[in-house]
Amino acid sequence: MVSEKIAQLINEQIAHEQYAAQYYLSMSAWFSSKDLDGIANYFRVQSKEELMHADKMFDYLNDVGSNIILGEISKPPHEFESAIDIFEKALEHEKKVTKSIFNIVKNANEEGDFATTSFLQWFINEQVEEEASASQLVTKIKMVSDNPSALYLFDQELAKRVFAPDTTA
């Protein structure tokens, strides 16, 4: 069983992941309203991944016999300045998630909670990938945003993304 402190941090992270899902869904809606359905798809898939992350944490707390206390989820913004603004906000958000997960790992290490540290290794690896991907997309959207033909191709590229649940963690 994990300590009450670690359980609380993971419960808070579940709420962060659920908020991220709503945040990305809001971003998807913005792109849908601009008829950029491929980019909207990218953020819909991102939303589903965040819910999967929350589910993994939920299941972990259940597996170790901790109390699951779901927190309040704030309403995400729905107005954005531009496509670039959205991708920059997505990258910023991923960096916040990384810091939050690192904080849980730090606390688990301080407590000698090796099970939680081991469990969270998957999330650390995932965040490295998420930040790298988000950073690349910021670069790409900045390159194409003023070029309708390039934006069309970028939209088509992101339309190919599909949700694939991870069953390894």
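**Ground rules for the views.** This is a predicted model: local features need pLDDT of at least 70, side-chain atom pairs count only at pLDDT 80 or more, and totals for chains, interfaces and linings use all residues. Residues are numbered from 1 along each chain as its sequence is written, and side-chain values use heavy atoms, with hydrogens and water left out.

View 1. The protein has 5 helices and 0 strands, so reading from the N terminus you get α-α-α-α-α (helices are DSSP runs of H or I with at least four residues, strands are runs of E with at least two, and both are numbered from the N terminus). The C-alpha trace spans about 55 × 25 × 25 Å along its principal axes. For 169 residues, a compact globule would have a radius of gyration near 15 Å, and the 17 Å of the protein agrees with that. That radius is taken over C-alpha atoms, and the globule rule is 2.2 Å times the number of residues to the power 0.38. Of the 169 residues, 46% count as buried. Here buried means under 20% relative accessible area, exposed means over 50%, and partly exposed is in between (1.4 Å probe, protein chains only). As for contacts (heavy atoms within 4.5 Å), take those between residues at least 6 apart in sequence: 81% of them join residues at least 24 apart.

**View 2. The stretch with a record attached.** UniProt places the feature "domain: Ferritin-like diiron" at residues 1–145, in an unreviewed entry. UniProt positions are given in the numbering used here, feature names are shortened, and annotations may be inferred rather than shown by experiment. Over residues 1–145 the chain is 81% helix and 0% strand, and the end C-alpha atoms sit 50 Å apart.

**View 3. Aspartate 35, in a loop.** Look between helix 1 (4–33) and helix 2 (37–63), and you'll find aspartate 35 in the loop. Aspartate 35 has a positive phi of about 60 degrees, although it is not a glycine. Most residues other than glycine have a negative phi. With 63% relative accessibility, aspartate 35 counts as exposed.

**View 4. Asparagine 11 and its contacts.** Back to the opening residue: asparagine 11 lies in helix 1. Leaving aside neighbours within four places in sequence, asparagine 11 is in contact with Leu61, Asn67, Ile68 and Ile69.

**View 5. Serine 66, a buried loop residue.** Serine 66 is found in the loop between helix 2 and helix 3 (83–111). At 9% relative accessibility, serine 66 counts as buried. Not counting residues up to four places away in sequence, serine 66 touches Met1, Val2, Ala7 and Leu61.

**View 6. Glutamine 127, inside helix 4.** Glutamine 127 has its place in helix 4 (residues 114–144), and at 2% relative accessibility it counts as buried. Glutamine 127 touches Glu94, Val97, Thr98 and Ile101, again not counting residues up to four places away in sequence. Glutamine 127 and phenylalanine 102 are 25 residues apart in sequence and 10.0 Å apart in space, C-alpha to C-alpha.
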